[in-house]
Amino acid sequence: MAGRNDGGIAASRRVEVVLGERAYEVRIGPGVRAALSGVIAEVGARRAVVVSARPQEWTPDPGVPSVVVAARDGEPHKTLAWVEELCRRFADFGLTRSDAVVSCGGGTTTDAVGLAAALYHRGVPVVHLPTSLLAQVDAGVGGKTAVNLPQGKNLVGAYWQPRAVLCDTEYLETLPHREWINGYGEIARCHFIGAGDLHGRPVEEQIAASVALKASIVAADERDAGPRNLLNYGHTLGHALERATGYRVRHGEAVAIGTVFAGRLAGLLGRIGPARVAEHHAVVAAYGLPTRLPAEAGHDVLVRLMRLDKKATDGLAFVLDGPHGAELVRDVPESQVAAALAEMPVEGD
């Protein structure tokens, strides 16, 4: 992760995702979006479709003939209908397998555009420019692409690794406070899966550390056969909270609450002691993240939604802390899950 200069671009940090022929680099720093044209040239694309959630002045030129498609950012737009429309726009522009797709937006944009790129012509090169903190620390890296169904979140997807990821920290300067909080939810959960204490470090260091952790896990388990489950720490309840609140609670906020819950559940199961349970709350609260269950999220509804989690092949499954670190725990008794939910404070209490 050494800093360097690159064609007039400010010194940036670099993290390699080591996946053999599918290996790629994540660049992190101010102004790295200017590297897009060089990346597209390395890909060898003759033309590109840029799907952007940002204004024209924040959407970089890919350096080849291109068309810009306005993104539909946000969870309600992560649908198969949007993926189909994107593929139609690719076809209208005459995009071929030798060309490229570029995403420029938050995590829902990188997810949907990545899936469209994976499906169109059975796979065209994609480059991600994640523009939110959450997307830079997590969603834009790792090759998971997916959209939602009414029955659940991220139920339709594919693994499709990008050719490069450009995390331009200048995009973060435009974010409202809540978007920063949203991103901190993913950073906070990294504390419990191997990143250590990132609180108080410069944001570029937090992003680079989170990306480096994810890159090492993805390199070891690209397709969720084992260790990659660690990245879902806090996500089982988190995804349920998103759906139960109609996405009023944002993804990172929901993961933060889910991380506090994971600590309580691990404590009830005897996997960790009271001090470690308290540490879950302290780490999340230090980032200014929510730690209480939303008032409208009933326990029965949350349990029902957690049963739909992709990890739950038989009964309820959670990634939980333990004596040997975090690991996937299957068939967690529903009574223990209900007891842990009952211990959680609720908004307004």
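**Helix packing around α7**

Analyst: α7 passes α8 in a right-handed crossing. This description rests on a predicted model. Helix α7 covers residues 235–244 and helix α8 covers residues 251–268; their axes lie 7 Å apart and form an angle of about 135°. Angles over 145 degrees would count as roughly antiparallel and those from 65 to 115 as roughly perpendicular, and α7 and α8 are therefore oblique to each other.

On the α7 side, the contact with α8 is made by His235, Leu237, Gly238, His239, Leu241 and Glu242. The residues of α8 that meet them are His251, Ala254, Val255, Ile257, Gly258 and Phe261. Sorted by class, this contact holds six nonpolar, five polar and one charged residues. Glu242 of α7 is the charged member.

Helix α7 also packs against helix α10, which spans residues 299–306. Here the angle is about 120° and the axes are 9 Å apart, which makes α7 oblique to α10. The crossing of α7 past α10 is right-handed. From α7, the residues in this contact are Thr236, Leu237, Ala240, Leu241, Arg243 and Ala244. From α10, they are Val301, Leu302, Leu305 and Met306. The contact of α7 with α10 comprises eight nonpolar residues, one polar and one charged. Leu237 and Leu241 of α7 take part in both contacts, with α8 and with α10.

Helix α5 (residues 177–190) and helix α6 (residues 203–220) have axes that come within 10 Å and cross at roughly 50°. The two helices are therefore oblique to each other, and their crossing is left-handed. In this pair, Trp180, Tyr184, Ile187 and Cys190 of α5 meet Val203, Gln206, Ser210 and Leu213 of α6. By class, the contact of α5 with α6 has six nonpolar and two polar residues, and no charged ones.

Among the strands, β8 (residues 144–149) and β9 (residues 152–159) pair in the antiparallel sense over five bridges. A hairpin of two residues joins β8 to β9, and Lys144 stands opposite Tyr159 in β9.

As for the overall dimensions, the C-alpha trace spans about 60 × 40 × 40 Å along its principal axes. A compact globule of 349 residues would have a radius of gyration near 20 Å, and the protein's value of 20 Å therefore agrees with that expectation.

Key:
Residues numbered from 1 in each chain as written. Predicted model: local features only at pLDDT ≥ 70, side-chain atom pairs only at ≥ 80, totals over all residues. Heavy atoms only, no water. Axes fitted to C-alpha atoms, helices over the stretch in contact; angles between N-to-C directions. Helix = DSSP H or I, 4+ residues; strand = E, 2+ residues; numbered from the N terminus. Parallel < 35°, antiparallel > 145°, perpendicular 65-115°, else oblique. Left-handed = near helix turned anticlockwise from the far one by under 90°. Contact = heavy atoms within 4.5 Å. Pairing = 2+ DSSP bridges. Rg over C-alpha atoms; globule rule 2.2 N^0.38 Å.
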